[in-house]
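Dear colleague,

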Amino acid sequence: MSGMVIIGAGEAGTRAAFALREAGFTGSVTLVGTEPHLPYERPPLSKPLDGLVRMKAICSAEALSAAGIDYLYGISATQIDAARHNLLLGDGRTLSYDRLLLATGARPRRLTCPGAERALDFRTFADADAIFSRVMTGGTVVIIGGGLIGMELAAVLRGKDIGVHVIEMAPKPLGRAVPPRFSARLQARHEEEGVHFHLGQGLAGIGPDSVVLADGTVVPGDIVVSAIGVVPDIGIAEAAGLSVGNGILTDAYLRTSDPHIFAAGDCAAVAQPGGGHIRFESWCNARSQAETAAHNMAGAAETFGAIPWFWSDQYDLGLQVTGLPQPGHRSILRPLAQGELEFYLEDGRLVAAAGLGAGNSLAKEIKLAEMLIAAGINPDPADLADPAVNLKALLKSARAA
Ligand SMILES: Cc1cc2nc3c(=O)[nH]c(=O)nc-3n(C[C@H](O)[C@H](O)[C@H](O)COP(=O)(O)OP(=O)(O)OC[C@H]3O[C@@H](n4cnc5c(N)ncnc54)[C@H](O)[C@@H]3O)c2cc1C
């Protein structure tokens, strides 16, 4: 077999290119990316060291070349001809493929209020550079959207002594992915640090130096950043006739409705055992889906079943969530010296866990919680709540049972 082509040189696309080689694939691997840089990590964009945005490359040019990966950067794939197994590039070239991976990621959701064009996005290195090169000590930034990216940006800006207003339509920030205990703690920490929240508020419009809320309040700001979430980049897939919904639909093998085309990362909505499709937006998900897709492109038949995991850094606090905590789950708190861990049970079974503590201090506990979830245990809630009960010992007895 020859000719693997990957569209999108983000976390998923780049990881898939290397994973193809690690799986022993010796034919050609071509990675096509719109952005004009080496593939880079997005998470550090909202966690700049010393307030400086640095590009952290996923790999070097030498590593790409040593792995025999042909990296075409600053070029978009514009059209897929699924019947002929080829795709058109923005520079007029055509590439043919035996297997194609769509790793097109996601793009910022656009505001629709008057003056929306004044708001800066926050997704790419160019976006981060535009924001951080314009902010000035003593200035004020209005962040629209109190999700993870908006709140991480707020923390970084407060560290640079920049005034921050966060406008959020929901009654509290971080409502979507973060369990209530930890979203409340993070909100309180932001308030202590001087972030002004405007919650339960829609936008009337964005002016040259202020944002006007639906209730008429004027929030002054030198810069407005839109952080209202992303939408999966499905355009090229849809135009090629592939099945799409909230993402490019795949089966459990990460195959799209065309068996020669796979999808992974923020753009992919993967079939679930109980029906329906789920799309995740996280670094870890992009990497693990990329590996499964690459293996299957190279001839394996692996189903994707990794437990979701993500982290977020705000001030000196590190949040980690594994599994998908839901409002209906029973929550059990385990206080720890370095922070708090919460476990989530569904009908007695451990299905998720989350922790908030200093820096990366809860990483070991979260990893053990993930292994306990994978073991499919119905733990005694008293054991989960008791910090004296060792999670490793629980795992050992669960495995023995
Ligand atoms: C500021 C920021 C901070 C984050 N922090 C965290 C964090 O702390 N923890 C966490 O778990 N996750 C975090 N994430 C999310 C994580 O970075 C993403 O989930 C991950 O990058 C998704 O990788 P991906 O490869 O699927 O998509 P992307 O990273 O979006 O890459 C897709 C690439 O495909 C390119 N592309 C699209 N269409 C085409 C085309 N037609 N032709 C060629 N190229 C194309 C795009 O230009 C893009 O470069 C963060 C994201 C951002 C933006």
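The domain bounds used in this message come from an automatic or database domain assignment. Please note that the model is predicted.

That assignment divides the protein into domain 1 (4-107 + 230-297), domain 2 (116-226) and domain 3 (316-400). The centres of domain 2 and domain 3, taken over C-alpha atoms, are separated by 31 Å. Where these two domains meet, 8 residues of domain 2 are in contact with 7 residues of domain 3. On the side of domain 2 that touches domain 3, 5 residues are nonpolar and 3 are charged, with no polar ones.

I turn next to the ligand. The shell around the ligand draws at least three residues from each of domain 1 and domain 2. There are 36 residues around the ligand, of which Gly 8, Gly 10, Arg 42, Gly 105 and Gly 265 come nearest. By class, 17 residues of this shell are nonpolar, 12 are polar and 7 are charged. The elements α1 (11-22), β2 (29-33), α7 (283-297) and β22 (309-314) each contribute at least two residues to the shell.

Finally, there is an open sheet of 3 strands, in the order β4-β5-β6, with antiparallel pairing. Strands β4 (77-81) and β6 (94-96) are at its edges and have a single partner strand each, so one side of each lacks a neighbour in the sheet. Neighbouring strands of this sheet are turned by 25° against each other on average, direction ignored. Strand β5 (residues 86-89) is joined to β6 by 3 bridges, and Leu 88 stands opposite Thr 94 in β6.

With kind regards

Methods:
Residues numbered from 1 in each chain as written. Predicted model: local features only at pLDDT ≥ 70, side-chain atom pairs only at ≥ 80, totals over all residues. Pairing = 2+ DSSP bridges. Helix = DSSP H or I, 4+ residues; strand = E, 2+ residues; numbered from the N terminus. Axes fitted to C-alpha atoms, helices over the stretch in contact; angles between N-to-C directions. Nonpolar A, V, L, I, M, F, W, Y, C, P; charged D, E, K, R; others polar. Near = placed C-beta within 6 Å.
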